[in-house]
Amino acid sequence: ANIIPSFIFNRGGPGDPFVAGMDIKEGVLRRGTPLCVINPAPPGSTDGPVVVDLGRVASIEKDKKPVDEIKKGQSAAVKVDTPNNVTFGRHFTADSVLYSRLTRESINALKEHFKDELSKEEWQLVIKLKRMFAII
């Protein structure tokens, strides 16, 4: 998902959620989805990119009505319950791309419980994210 810079309502931080408008570029964003950003390695570091966990999607509001999900091509206001140490502007910016934080466990759950519900395009996105997060 991409953050819509003109629709940042709350920056997150200690005890506060991050709330902003988001455009969904691929897949589906659901309530409860853990989100992260992938930041480049710090200058001079030999480490690879740094994954910053942003928290879970607490709610989604489209046209001033709560919804459980938004799909590719849609926009909505999204509230993310962030950990106390994660703040917009410090750990991620309006230029950051937000990703669903996949794990081996979440992929296994998708296979076991939602195999028939995901489209071919959504499974291709799972494979893409699996590679990005180096999940075996």
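Two directions whose angle is over 145 degrees count as roughly antiparallel. Keep that cut-off in mind as we look through this predicted model.

**The helix pair**

The axes of helix H1 (residues 104-113) and helix H2 (residues 120-132) cross at roughly 165° and come within 11 Å of each other. H1 and H2 are therefore roughly antiparallel, and H1 passes H2 in a left-handed crossing. On the H1 side, the contact is made by Arg104, Ile107, Leu110 and Lys111, while H2 brings Trp123, Val126 and Lys130. These contact residues divide into four nonpolar and three charged, with no polar ones.

**The chain as a whole**

Stepping back, the chain has two helices and nine strands, and from the N terminus they run β-β-β-β-β-β-β-β-β-α-α. The radius of gyration is close to what the globule rule gives for 136 residues, so the chain is as compact as a globular protein of that length.

Here are some values for the chain:

| Property | Value |
|---|---|
| Radius of gyration | 15 Å |
| Box filled by C-alpha atoms, along the principal axes | roughly 45 × 40 × 25 Å |

Buried residues make up 32% of the 136 residues. Of the contacts with a separation of 6 or more, 60% join residues 24 or more positions apart.

**A look at Pro83**

Pro83 sits in the loop between strand S8 (75-81) and strand S9 (98-100). With a relative accessible area of 33%, Pro83 is partly exposed. Beyond its neighbours within four places in sequence, Pro83 is in contact with Asp53, Leu54 and Gly55. Ser106 is 23 residues from Pro83 in sequence, and their C-alpha atoms are 20 Å apart in space.

How values were computed. Residues are numbered from 1 along each chain as its sequence is written. This is a predicted model: local features need pLDDT of at least 70, side-chain atom pairs count only at pLDDT 80 or more; totals for chains, interfaces and linings use all residues. Side-chain values use heavy atoms; hydrogens and water are left out. Axes are lines fitted to C-alpha atoms, for helices over the stretch in contact, and angles run from 0 to 180 degrees between N-to-C directions. Helices (H or I, at least four residues) and strands (E, at least two) are DSSP runs, numbered from the N terminus. Angles under 35 degrees count as roughly parallel, over 145 as roughly antiparallel, 65 to 115 as roughly perpendicular and the rest as oblique. A crossing is left-handed if the near helix is turned anticlockwise from the far one by less than a right angle, and right-handed if clockwise. Contact means heavy atoms within 4.5 Å. Ala, Val, Leu, Ile, Met, Phe, Trp, Tyr, Cys and Pro count as nonpolar, Asp, Glu, Lys and Arg as charged, and the others, Gly among them, as polar. Buried means under 20% relative accessible area, exposed over 50%, partly exposed in between (1.4 Å probe, protein chains only). The radius of gyration is taken over C-alpha atoms; the globule rule is 2.2 Å times the number of residues to the power 0.38.
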